[in-house]
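Work through the following exercises with the sequence and the model at hand, and try each task before reading its solution.

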Amino acid sequence: MKSLKDAYMDALLSLAGTRPDLFFLDAGVGAACGNRFGREYPERCMNVSAAEQNMVLTAAGMALAGRCVYAGAYSSFLVGRAYEQIRSSVALPKLSVHFASFHAGLTAGEEGATRQMLEDISLTRNFPGMAIFMPSDYTSARALLCKAADLEGPSYTRLGRSERPLIYAPGDSSFRVGGGRILREGDQITLCACGIMVKEALKAAEVLDQQDISAEVIDCYCLSPFPARLVLASLQRTGCCATAEEHFLPGGLFEIVAGLAAREYPVPVQPVGVKSGFGQSGSTEDLREYYGLTAAQIVSAAVLAWTMRRR
Amino acid sequence: MDAVLLEELANRAMNVRRDVVSMIGVARSGYVASSLSAADVLVWLYGAVLSIRPEEPLWEGRDRFVFDKASASPALYAVLAERGFFGRDALWGYRRMGSTLQAFADSRRTPGVDASCGSLGMGPGVSFGLAAALRDMEPAARVFCFVGENELSEGAVWEVVTDENARRLGNLTLIVDRNGLRVSGAGESPDPLEGRFKAFSWAVARADGHDMRALDAALASLPSDRARVLIAATTGGKGIPSLERNPSANFLLDRQTTDDLLKELEGGGR
């Protein structure tokens with residue numbers, strides 16, 4: 001079990017040595033400045049405290065001066081409060097600013113509804129030219145955060161709060177912008193998942209296997225640009241799909257996959273995501289049960305899509 | 001500032017005012033009064049303050065100028081054309097589709113524009129980042145940010161002013177076009193705006209924004225060990241008496257109004 005906050009700090013530490021142009025900003029999260037990174041590179045990081053608009057604008061200014069900037073903040077306040085700063089000062093001029101979004105989704109748990117950002121992908125995906133990552137574990141998060149440094153435009157990486165099991169072997173770095181990964185091959189249904197739901201999709205595939213439905217599981221860690229060809233090829237093999245995301249249904253993975261299918265290869269697509277409004281305080285496990293973000297829900301959605309497929 | 005330069009800059013300012021009214025007249029929309037209150041400060045900055053190379057707009061050692069008073073973009077464009085960043089012909093394409101001169105200055109389209117504007121009050125934050133990143137350069141590049149009163153209503157500006165890292169940046173100067181069109185208290189003495197900056201340890205100076213010698217002296221009086229603010233007291237519509245009296249009537253210009261304003265400018269602008 002490892003946290004994605006550690007992946008962020010470790011990615012920064014591994015980048016700092018080779019990239020003297022990198023700079024790290026922190027809006028009171030303590031993800032870079034207050035820990036080991038800040039002690040080793042005090043001149044390369046700055047904490048502007050809880051002033052997200054200021055952090056985004058400062059990052060834009062530094063990028064205009066030729067720096068590659070990483071900026072970390074709590075998801076709601078970064079994407080919500082500073083949305084227009086991201087839009088006008090970073091996305092529009094396509095600056096190399098890489099946002100790390102903490103406490104997003106139900107993993108914010110006891111912190112409650114204001115912190116449980118469930119619409120961040122919907123909002124950030126609309127920015128032309130911004131890469132959007134939702135990694136499932138420490139290994140992929142660290143690798144994607146390192147890849148971001150080579151991008152010519154901005155990126156947004158959703159990092160949740162809780163510790164997570166490893167999906168990928170430590171050191172695996174074969175993740176790319178616009179990529180996804182087939183974690184389990186199957187030919188009767190495609191399960192597209194991202195973030196914490198990847199682990200659930202793998203569990204669901206085991207259950208489906210016992211019912212003689214062979215499921216292919218794809219980790220859609222890059223939501224923009226979306227790995228369309230990889231997913232499309234799978235839909236053409238299986239003829240039906242279920243999606244699973246820790247996000248509201250509008251604007252998230254479900255709509256990406258359903259839109260892709262509608263345009264290119266119409267097949268039934270059934271969603272698992274947060275459907276019943278804003279969250280509330282509680283343990284992440286309780287919230288996931290209550291809001292239906294479980295392997296059992298993925299099995300139900302998969303069976304429904306499977307029965308709807310054309311034969 | 002010597003008398004020859006002063007005379008030269010006064011001539012440039014007159015040309016800039018003429019271009020501003022003509023551009024907005026041709027485009028049929030734009031903010032005349034706001035552009036005219038800013039004209040002298042911009043001519044002074046580009047003529048006597050900023051270290052820049054118009055033939056090499058992205059020269060690394062240049063001072064950065066973050067223009068945040070979006071409504072005065074025509075004045076910036078006229079000054080940039082006057083300094084040779086691009087040909088004057090471009091001015092007549094202002095606000096037209098495909099133009100290098102958008103309604104509000106866009107760094108990706110217009111040579112000489114270091115940061116885009118249009119969304120009010122983002123310039124000071126961007127300037128903070130620029131100044132922090134450029135502080136250690138040799139020679140240290142300075143960052144100047146130009147804001148109007150509308151911009152100062154935005155909360156994001158005050159996140160910068162209160163930031164303890166920002167206030168230590170001696171290479172960061174905020175210039176306020178204080179024309180009294182929006183913010184209450186502009187006519188009060190002492191100006192409450194000065195106290196707001198001083199309360200957060202910024203160095204503050206004040207000058208008549210249409211007197212370049214006074215602007216020069218005020219800038220020179222500011223210490224360089226912390227972030228600085230120069231409040232330029234200006235008049236909306238400066239140079240055109242009817243606009244000075246009623247600066248809010250200035251967005252849409254028909255041909256007759258444009259001609260009338262130009263005549264007034266020639267008659268009483270100096």
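**Exercise 1.** Find how many residue pairs are in polar contact between chain B and chain A, and how many salt bridges there are.

*Solution.* In this predicted model, five residue pairs, both at pLDDT 80 or more, are in polar contact between chain B and chain A. The next step is to look for salt bridges between chain B and chain A, and their count is zero.

**Exercise 2.** Describe the contact between the chains, and state which part of chain B supplies the largest share of its side.

*Solution.* Begin with the residues: the contact takes 19 from chain B and 22 from chain A. Then turn to the area buried between chain B and chain A, which is about 1,700 Å², with carbon and sulfur atoms giving 62% of it. Of the area that chain B buries against chain A, B:R108, B:M122 and B:E159 supply 32%, more than any other three residues. Finally, α4 and α5 (155–161) of chain B each supply at least two residues of the side that touches chain A, and the largest share of that side, eight residues, comes from α4(B).

**Exercise 3.** Classify the aromatic pair formed by B:Y77 and B:Y94, and decide whether these residues are buried or exposed.

*Solution.* The ring centres of B:Y77 and B:Y94 are 5.9 Å apart, with 65° between the planes; because planes over 60 degrees apart count as edge-to-face, the pair is edge-to-face. In the chain, B:Y77 belongs to helix α3 (residues 73–82) of chain B, whereas B:Y94 lies in the loop between α3 and α4 (123–134), 17 residues apart. Both B:Y77 and B:Y94 are buried.

Methods:
Residues are numbered from 1 along each chain as its sequence is written. Chains are lettered from A and ligands numbered from 1 in the order in which they are written. This is a predicted model: local features need pLDDT of at least 70, side-chain atom pairs count only at pLDDT 80 or more; totals for chains, interfaces and linings use all residues. Side-chain values use heavy atoms; hydrogens and water are left out. Rings of Phe, Tyr and Trp (its six-membered ring) pair if their centres lie within 6.5 Å; planes under 30 degrees apart count as stacked, over 60 as edge-to-face and the rest as tilted. Helices (H or I, at least four residues) and strands (E, at least two) are DSSP runs, numbered from the N terminus. Buried means under 20% relative accessible area, exposed over 50%, partly exposed in between (1.4 Å probe, protein chains only). Contact means heavy atoms within 4.5 Å. Buried area is the accessible area (1.4 Å probe) that two parts lose on being put together, summed over both. A salt bridge is a side-chain nitrogen of Lys or Arg within 4 Å of a carboxyl oxygen of Asp or Glu. A polar contact is a pair of N or O atoms within 3.5 Å; within protein, one must be able to donate a hydrogen and the other to accept it, and residues adjacent in sequence count only if both atoms are side-chain atoms.
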